[in-house]
Amino acid sequence: MAPLASEWQELEDRVQQRTVFSTFDVLETWYRAYGGSQRTRRTLHGEPLIGVARRGSRLVGVAPFVLRRGRLGRVPVTRIQFAVHDAHAGEFLAADDEPAVPGAIIESLADRVRFDVISLLGVDPHSERFEAIADAASRRHLSIELAAHEDALVDLRGGYDAYGRRMSRNFRRTVKRQSSRIAAAGHAAVDGVHLTAGVDRLERSIERLFAVTEASYKLNGARLADIHRDYLATLARRFGRRGMLHLSLLSIDGEDAAAVMGLVERSCYYDVTLAYAERFAQLSPGSFLIQQVLRMLAAAGVSTVVSHGAHDYKRRWSSRFVSSPRTFLFAPSLRGSSARFIRFQAAPLWRWLGLSS
């Protein structure tokens with residue numbers, strides 16, 4: 001990827017229809033951590049597969065994919081999907097005036113790579129990009145299916161108070177109760193790296209993030225794996241230097257209870273990781289910290305917060321869930337056809353029969 005860095009970054013600057021997850025700094029960090037030469041990394045996270053589109057000598061598109069083995073509808077398949085966030089986030093980076101680029105990349109994949117299914121996120125079914133992908137799929141005899149997928153969004157236009165007023169009365173009562181519980185437990189403080197503030201505390205903040213993560217129920221005191229440490233630390237350092245990191249830590253009486261890390265670009269915040277120490281679970285420190293982060297982001301002029309995935313806990317504080325359908329392109333292979341049948345035809349029938357019986 002290194003020889004592409006300057007061209008890739010120049011393309012980023014030209015493209016308006018994108019998120020931070022198509023940028024060189026995010027993807028180079030992810031591929032270096034998870035798509036390296038070690039066999040275990042490649043098995044778990046997939047083999048790097050990056051498509052590049054040019055018009056003449058000018059870079060007009062990048063497809064940041066991985067090729068991985070797994071199952072779909074219980075059928076073992078070879079699957080192409082976007083890198084980052086275990087495919088909960090990811091997208092084509094394509095020039096705004098080049099809507100045909102994703103379709104051209106799909107055709108190139110069909111001609112050059114053996115796969116059973118391609119899984120895409122972030123392609124609007126009513127867009128020119130989707131039309132180009134559908135046309136390419138038709139020419140290469142790929143079957144298209146759409147599956148529901150949603151992301152949580154917080155609308156901070158008008159500030160934090162305006163966001164709170166748009167939420168329910170029960171939400172506002174819950175926020176007050178959380179604040180009271182935290183205050184009763186001890187002195188609460190929130191610090192860390194907030195865009196251009198606190199960058200001198202970056203290394204210490206990274207170590208505190210790791211410590212909170214290791215104290216969470218997920219790890220229960222075990223050490224965070226080196227590949228995760230490498231990814232999070234490198235991401236924090238790269239974006240910390242650019243004034244785009246928002247890493248917040250909540251401490252109660254001097255002991256860290258929760259951490260939230262995200263990236264800010266073009267007045268939009270994208271979450272990366274959230275963790276809380278299990279010892280403080282009864283206080284809901286993660287929920288409390290999220291509200292403090294939203295206050296700070298609104299004060300800094302951030303208008304939108306995007307959190308990938310429709311997890312139930314996000315309903316407590318998101319303004320709404322927004323649809324971002326997942327597009328599946330199935331190859332006319334035995335495994336591709338079988339996975340499509342089981343996932344999109346047989347499974348709904350079984351659910352219907354179960355409800356009807």
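The model is predicted, so local features are reported only at pLDDT of at least 70 and side-chain atom pairs only at pLDDT 80 or more, whereas totals for chains, interfaces and linings use all residues. Residues are numbered from 1 along each chain as its sequence is written, and side-chain values use heavy atoms, with hydrogens and water left out. The chain has 11 helices and 14 strands, where helices (H or I, at least four residues) and strands (E, at least two) are DSSP runs numbered from the N terminus.

**Overall dimensions**

- The radius of gyration of the chain is 22 Å, which agrees with the value near 21 Å that a compact globule of 357 residues would have; this radius is taken over C-alpha atoms, and the globule rule is 2.2 Å times the number of residues to the power 0.38.
- Along its principal axes, the C-alpha trace of the chain spans about 65 × 60 × 40 Å.
- Of the 357 residues, 53% count as buried, where buried means under 20% relative accessible area, exposed means over 50%, and partly exposed lies in between (1.4 Å probe, protein chains only).
- Among the contacts in the chain with a separation of 6 or more, 68% come from residues 24 or more positions apart, a contact being defined by heavy atoms within 4.5 Å.

**The seven-stranded sheet**

- An open sheet of 7 strands has the order β8-β9-β10-β11-β12-β7-β13, with mixed pairing; two strands pair if DSSP finds at least two bridges between them.
- Strands β8 (188-194) and β13 (320-323) stand at the edges, and because each has a single partner strand, one side of each is left without a neighbour in the sheet.
- Neighbouring strands of this sheet are turned by 30° against each other on average, direction ignored; axes are lines fitted to C-alpha atoms, for helices over the stretch in contact, and angles run from 0 to 180 degrees between N-to-C directions.
- Strand β10 (residues 255-265) runs antiparallel to β11 (residues 268-276), the two being joined by 8 bridges, and L263 stands opposite Y270 in β11.
- Strands β11 and β12 run parallel and are joined by 3 bridges, with V306 in β12 as the bridge partner of Y270.
- Strand β7 (residues 150-155) pairs with β12 (residues 304-307) in the antiparallel sense over 4 bridges; in β12, S307 is the bridge partner of A152 and V305 is that of V154.
- Strand β7 also pairs with β13 in the antiparallel sense over 4 bridges, where E150 has S323 as its bridge partner.
- Because 5 of the 6 residues of β7 are buried, this strand is largely enclosed by the rest of the structure.

**Helices α8 and α9**

- Helix α9 (residues 226-241) lies across β9 (245-252), β10 and β11, and runs at about 55° to β10.
- The axes of helix α8 (residues 202-214) and α9 come within 10 Å and cross at roughly 145°.
- This crossing of α8 and α9 is right-handed; a crossing is left-handed if the near helix is turned anticlockwise from the far one by less than a right angle, and right-handed if clockwise.
- On the α8 side the contact is made by L202, E203, I206, E207, L209, F210 and E214, and on the α9 side by R229, L232, A233, A236 and R237.

**Individual residues**

- Y34 lies in helix α2 (residues 24-34) and, at 7% relative accessibility, counts as buried; Y34 and H228 are 194 residues apart in sequence and 8.3 Å apart in space, C-alpha to C-alpha.
- A137, which has its place in helix α5 (residues 128-139), counts as buried at 0% relative accessibility.
- Leaving aside neighbours within four places in sequence, A137 is in contact with L142, I144 and L329.
- S267 is found in the loop between β10 and β11, has a phi near 65°, a positive value in a residue other than glycine, and is partly exposed with a relative accessible area of 37%.
- S284 is found in the loop between β11 and α10 (285-299), has a phi near 50°, a positive value in a residue other than glycine, and counts as partly exposed at 24% relative accessibility.
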